[in-house]
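Thanks for coming. I will go through one structure today, starting with a helix and its packing and then moving to salt bridges, cores and a surface patch.

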Amino acid sequence: MRFLQTALTTPEEDERSLLEEIFRAFYYSDYGNNAYYPNLNMDSDSLIFVKNVILGIFIGLCIAAFATVYNKRVLGNFVRKLLREECLSKGSAKTLGELGVMQNYAIRNAVRKSVSLRRVVRCVEEEEFLAEQEKRRLEFEEANKSNKKSAFREEKFEIDTANDHFYIPEEMKYMADVKFESRGTTWLGAILFVIIMAIVFVALIAFLPDIFQMLDNFVGGFSSMGKDNIL
C-alpha cells in the first residue's frame, strides 16, 4: 500500500518512532489525500467525511467487542456467583465480602454504576431506602396539598460496597443467566476481532479513493450517454 512505501522510505535519522512514521504516512498518503469527483459532486472534504464515518464505525465495533466480553466475563462471573450462592431474595442476599469478590475493583464499580448489571442485580439497602423515601414523599405531598410551591427533595442513595447486600430476584434468574452467558466470548477473541477489523479498515481506507473514482467514472458514463441521446 502507498502508506507503507512512504513509511519505509523515511530517513533513519528522523527521531520519530516507526509507529509515528507509519501513522503519518498513512494519513497523508491514504487518509487525507486530495481528491475530486466531479460527477459525484465530491471533493477531499467529502471523502474525509466518509472516512471519518468508517473510522467511527470501526471504533464503535472495537469498543462493543470488548464491552461484550467485559459484560459476559467480568460482570457475568459476579452474576453466576450470586446464582450459585442462591442469592435470590432479600433474605438470602449477601455482601461482596461474603461472595468473595470484595477485592475486585470492577465488581465494586459495577454494582454502583453499571446499568447492564443493575437491571438484574438488586441491592437490599437501596430498595429499603427508596421505599422509605417514597413513603416520606407521599406524606409530604399529603401535608402540603395547599402549598403548590413546596416540593419534596429526593435524596440519592450511595451504595456501600463493603456492607450492602446484593441478590437477583427469583423471577429474573433465568434472564440473568442468559444475559450474562459467557460461552463464545473471550478476551483473545476480542483482540483478534480488533486486529481483523484494523486490517479491513486500513484496506478500505486505502482503496476508497479508487472505489469512488470508479463510481465517478460510472456516473460520468451515464451522463455522457444521456447527452448523446438528447442530441
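This is a predicted model.

Next, the charged side chains. The count of salt bridges comes to seven. I will go through three of them.

One involves α7 again. Glu 127 and Lys 90 form a salt bridge, at 3.8 Å from N to O. Glu 127 lies in helix α7, while Lys 90 is in the loop between α3 (44–84) and α4 (96–99), so this pair ties together parts that are 37 residues apart in sequence. How accessible are these two, Glu 127 and Lys 90? Glu 127 is partly exposed at 24% relative accessibility, and Lys 90 is also partly exposed, at 44%.

Taking the pairs in turn, Glu 85 meets Lys 81 at 3.9 Å, N to O, and Lys 94 meets Glu 85 at 2.7 Å, N to O. The 3.9 Å pair counts because the cut-off for a salt bridge is 4 Å. As for accessibility, Glu 85 is partly exposed, with a relative accessible area of 31%. Lys 81 is partly exposed at 23%, and Lys 94 is partly exposed at 24%.

The largest nonpolar core has 30 residues. Which residues have the most contacts inside it? They are Phe 78, Val 79, Ile 107, Leu 117, Val 121, Phe 166 and Ile 168. The elements giving two or more residues to this core are α3, α4, α5 (105–113), α7 and β4. Of the elements, α3 gives the most, with six residues.

Take Ile 107 as an example from that core. Leaving aside neighbours within four places in sequence, Ile 107 is in contact with Val 74, Leu 75, Phe 78, Leu 96 and Val 101. There is also a second, separate core of 12 residues, and among them are Met 42, Leu 47, Ile 54 and Leu 208.

Last, the surface. Phe 66, Trp 187, Leu 188, Ile 191, Leu 192, Ile 195 and Ile 199 make up a nonpolar patch there. Together they have about 670 Å² of accessible area. Which helix supplies the largest share of the patch? Helix α9, residues 187–230, does, with six residues. Leu 192 is found in that helix, α9. At 45% relative accessibility, Leu 192 counts as partly exposed.

Definitions and conventions. Residues numbered from 1 in each chain as written. Predicted model: local features only at pLDDT ≥ 70, side-chain atom pairs only at ≥ 80, totals over all residues. Heavy atoms only, no water. Buried < 20%, exposed > 50% of the residue type's maximum accessible area, 1.4 Å probe, protein only. Helix = DSSP H or I, 4+ residues; strand = E, 2+ residues; numbered from the N terminus. Patch = residues over 30% accessible without salt bridge, like charges linked within 9 Å, V, L, I, M, F, W, Y side chains within 5 Å. Areas by Shrake-Rupley, 256 points an atom, 1.4 Å probe, with all protein chains shown as cover. Core = buried A, V, L, I, M, F, W, Y, C linked by side-chain atoms within 4.5 Å. Contact = heavy atoms within 4.5 Å.
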